[in-house]
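Please look over the structure below before reading on.

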Amino acid sequence: MPKQLVLYMSRGDEDSFLRQLRSTGDVVILPSGSPTSEFAPVSALPDPTEDEATRKFWLQKTTVSLPLVTEYASEKNGYVIDGFQSPVVEFLRPWAVSNVMLAGGIRADMNYLDNDKQDLVQKPADFRNWFDSMQNWIRKNFKHLTLLTYVGPGAEKFSEDGGLFH
């Protein structure tokens, strides 16, 4: 069963979140697609737009013992990361269109298919603990809106100034 949180974040909220993640030194941000099976880390995120390439990224803790699994996607004319098999967290960035902020979030599968055992097994404890630490940081620093939805301080100000969440 995947774990996830829905997030409303301003660019400043996003920067704080990513700075916290990167502070350990073993976290990289990977793009949603690549022309080769090698995914080069992204140093700076572009402004989010309707284009998925500016909004969907993968967070990877490089010290987790599972390999990054990629596959060729002909419809994308390139390679994509298999989030189910890989030790990654999907990071969908929220973005604002005029006065409406569309939700983003984090999501990760906690199991993967072990080919040797031909069975579903849990991803390593260090991966699960890392995701839990991400959730805990968000719960501590963001406002709880609904069951799995959190709002960063900058997004909260966006709402107070008349912005709408969608």
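1. Start with E52. This is a predicted model. E52 counts as partly exposed because its relative accessibility is 34%, between the 20% and 50% limits. Its salt-bridge partner is K76, with the closest N and O atoms 3.0 Å apart. E52 sits in the loop between β3 (33-34) and β4 (56-61), and K76 in the loop between β5 (70-73) and β6 (78-81), so the pair ties together parts that are 24 residues apart in sequence. K76 is partly exposed too, at 47%.

2. E14 and R93 meet through their side chains in a salt bridge (2.8 Å, N to O). Distant parts of the chain are linked here: E14 is in helix α1 (residues 11-22), R93 is in the loop between β7 (88-92) and β8 (95-97), and 79 residues separate them. E14 is buried, at 3% relative accessibility. R93 is buried as well, at 1%.

3. Salt bridges link R11, E14, D15, D47 and R93. Over the whole structure, a search finds 11 salt bridges.

4. K143 and E156 form another salt bridge, with 3.7 Å between the closest N and O atoms. It joins strand β13 (residues 143-146), which holds K143, to helix α3 (residues 153-160), which holds E156. K143 is partly exposed at 44%, and E156 is partly exposed at 25%.

5. Check the surface next. F84, L113 and L120 make up a nonpolar patch with about 240 Å² of accessible area together. L120 belongs to strand β12 (residues 119-122).

6. Is Q135 buried or exposed? Q135 is buried, at 7% relative accessibility. It lies in helix α2 (residues 125-141). Leaving aside residues up to four places away in sequence, Q135 touches K3, Q4 and L5.

Conventions. Residues are numbered from 1 along each chain as its sequence is written. This is a predicted model: local features need pLDDT of at least 70, side-chain atom pairs count only at pLDDT 80 or more; totals for chains, interfaces and linings use all residues. Side-chain values use heavy atoms; hydrogens and water are left out. Helices (H or I, at least four residues) and strands (E, at least two) are DSSP runs, numbered from the N terminus. Buried means under 20% relative accessible area, exposed over 50%, partly exposed in between (1.4 Å probe, protein chains only). Contact means heavy atoms within 4.5 Å. Patches are made of residues with over 30% relative accessible area and no salt bridge: like charges are joined within 9 Å, nonpolar side chains (Val, Leu, Ile, Met, Phe, Trp, Tyr) within 5 Å. Accessible areas come from the Shrake-Rupley method with a 1.4 Å probe; for residues, only the protein chains shown count as cover. A salt bridge is a side-chain nitrogen of Lys or Arg within 4 Å of a carboxyl oxygen of Asp or Glu.
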